[in-house]
Amino acid sequence: MTDSQTTFTAETFLNEYLAAGTGAVDAVVTVTASGEPTDGAATISGGDARAEAIIIDCSGSMYADRRMAMAKEAAAAAVDCLDEGTAFTVIAGNHEAHQIYPQPGEPIPTASASTRSAAKAAISPLEADGGTAIGTWLDRARFIFEHTDAQTYHAILLTDGKNEHQQPSELARAVEACKGLFRCDCRGVGTDWVVNELRGIADALLGTVGLVAKPAGLEADFRSIIEATQATTLPQVKLRLWAPKGAEVEAVREAAPQVRDLTGSGVPFDERTTDYLLGDWAPGETRDYHVRIQRPPLEVGRKGAAGRVKLVLANGEETSESTLEVTWTDDHELSTRIEAHVAHYTGQEELAEAIQEGLKALDEGDSGSATMKLGRAAKLAKESGHNDTLRLLGQVVDIDDAESGTVRLKPDAGKAEKMDLDVRSVRTQRFGKS
Amino acid sequence: MTAPATDPADVAMTPACPQCGEPLSSSQARFCEACGMAVVPETPPEKTPEATGRARDRTGKSCEECDGEIGDDGYCNTCGTAAPELADLEERGDAAAATHRGRRRARNQDATALATTAEGWPVLVVADGVSRSPNPDLAARYACDAAAGVLDGQPFTGETDLAGAVIAAQQAASDAPSHGDPSWTDDGSHPACTLVIAIATEDAVHAVSVGDSRAYLLCREPAGEWTATSLTSDHSAGHALTSWLGADGPAEADFARQPAAVGDVILACSDGLWNYAPDDAAFGQLVSGILGDADLNVHVRAAEACEQLVDWAIEQGGADNVSVGIAPLAPVAAVAPVGSASDPGEPDAGIRNHEDDEADEDLKEGDQ
């Protein structure tokens, strides 16, 4: 439901001068929904305005470390946090999906005192057993959502392992089918899951990835996910990007609050226009996007549009159109200047990339490359004031001198620390908020 | 400090000084009166297209690159090329002035202004902001407006009045802020510009120039061709200026007066035009091609001629900003006296353009 009081605005920042013969245009698009952040309860109404699926892994490995017990407590806590009237379902997943609440075939209930306790009663007897096929869990959530009438759809997915009992292509197909239908926040517990696998799911479904190293942290984490979800009352905002003939949209990425590549997820709207789903929004929320377009150059002194950006609301209304205007110049002072927002986010993308590549090299036993990449990451983090990232890097490498990027690999770095660094590498600081 | 009672609406409209927070005297103020900080006006005084009364509509135009349709934002819906920019055109009576960014410069640092003396004589003012200085566009704008403001509606007696206009323009250019130019790294230098003023009385042309902008006397020969005579000499050595307006400037002015007759034309322009026709013979040919054998005595299509000269310079490459002003020498009878208190009801040229003068008023206040 789009509140008629809420307005969306898109503001663009770009390097407006291009050197002769070049055509790469970087722009940052800041999208803001007006209004005060709320817990959502006041602004969304109607019995089944929101639908939620709680998906918990109950594969055999969940037996370890009291994970199953903690996961059940977290799922119960999530059920407790649901707003009155939210349609919800609970799915237990192993090598197949089990709809444990409501019983398959029954209509999806909305949250109330009685449905919450019935759901918790269904969660309580779950036991860890079987394998892991995450695609089947997503398929089940999609099937349920397709038969549920709501304004926003969201899933929370908890797993402790990798997708072993399913081909990667099957998982990819399942994710693809869910795109645009619901958002999914993914949480990994323990250290046997694969960051890139869950990140792939979360990126495609516009959610977040989190590492819950200790199962005891699950309950609080589930609560915060559900609370954040309930604030998103403005569904299905799209970025509509026009690019001129001969131009290529090289990248569309969410840049803040986290780095998320949306380039491949565009849906053609017309010959030169592509829509990118930005997901659901909370009133007062702001996100930044980085767009890179390569367009054919014009003569020096000419002006051209590298692109046109607008927002499309759930009801199809277009709003906040702006043109990415560029001018070709032979003045190097102008063409080499990097706009501050663009510099900020390209720097953050570079930092995330250095961390991820460094960890990958570490994983592959290429310690030379890992040292170089993670050293570069330390230097970038120091320069940009990412002290949290620097601290996380410090758990994986000994940082001798952050300013020059001199680091040594820690022989005893724990897997959880590496995964934590990996997961958090995509989180960015908003421009001007460092 | 005790502030005079102020209208609350004024307070809301007036920006505060970024340095000391005191409210500025107006949204166009160029200085904070409390601390003396130079301030870049939120909206630099600017001739709006409405002031020219000429349509600036691109509806129905197609893209010059690919013939595609031009969108509402002025860019081609197919290839994204900007529709050709139109010159900023100003008209006053039979005089006109046009200024254009050209093709290669990122912004237009030239400015033009028109004025009319108390006698009804047209005044052309062109200033060209010096690229190697901060806020050159503001220097040019301020200098033009100041010079035009001094001469407008006043009796014109000759060189002394031109000198007064140059002094006012020099002061205004010096007042242009040195900071806040997004395409300039502060290095302690100050805004600078050239200035040329040309006035056509009924029997002479007067000109003054600082820098390398020029004034020409254009005369139609019996055969229909036009000759161009440069009235001023350039203050430049190679491409470097030897005289300019601004706080750093050795502002040496070059004055000229030459007899002329009704039917002759004065022209003032920046080097963005004359660089493509640097000697008088070439300039005369250029003007002949544009004015043809039109009898400018009756109705100078000064506006059209200005636009055609701008277009021509852009076709030659448009390497610099292009500005040109044109006015005919009109017979005395054809012009009504302007701005005289004894003749308040006369709907004359000076009053017709009264709105244009607001920026000038602010400027004069700011100078005090």
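Trainee: Why is A:Glu299 called partly exposed?

Mentor: Buried means under 20% relative accessible area, exposed over 50%, and partly exposed in between, with a 1.4 Å probe and protein chains only. A:Glu299 has 47% relative accessibility, so A:Glu299 counts as partly exposed. The model is predicted: local features need pLDDT of at least 70, side-chain atom pairs count only at pLDDT 80 or more, and totals for chains, interfaces and linings use all residues. Residues are numbered from 1 along each chain as its sequence is written, chains are lettered from A in the order in which they are written, and side-chain values use heavy atoms, without hydrogens and water.

Trainee: What makes A:Arg302 and A:Glu299 a salt bridge?

Mentor: The term requires a side-chain nitrogen of Lys or Arg within 4 Å of a carboxyl oxygen of Asp or Glu. The closest N and O atoms of A:Arg302 and A:Glu299 are 3.9 Å apart, so the pair qualifies. A:Arg302 is at 8% relative accessibility and therefore counts as buried.

Trainee: Why is B:Arg101 called buried?

Mentor: Because its relative accessible area is 8%. B:Arg101 meets B:Glu85 in a salt bridge at 2.6 Å, N to O. B:Glu85, at 31%, is partly exposed.

Trainee: How do you know that B:Arg104 and A:Asp330 form a salt bridge?

Mentor: Their side chains meet at 2.7 Å, N to O. Across the interface of chain B and chain A the rule finds five salt bridges.
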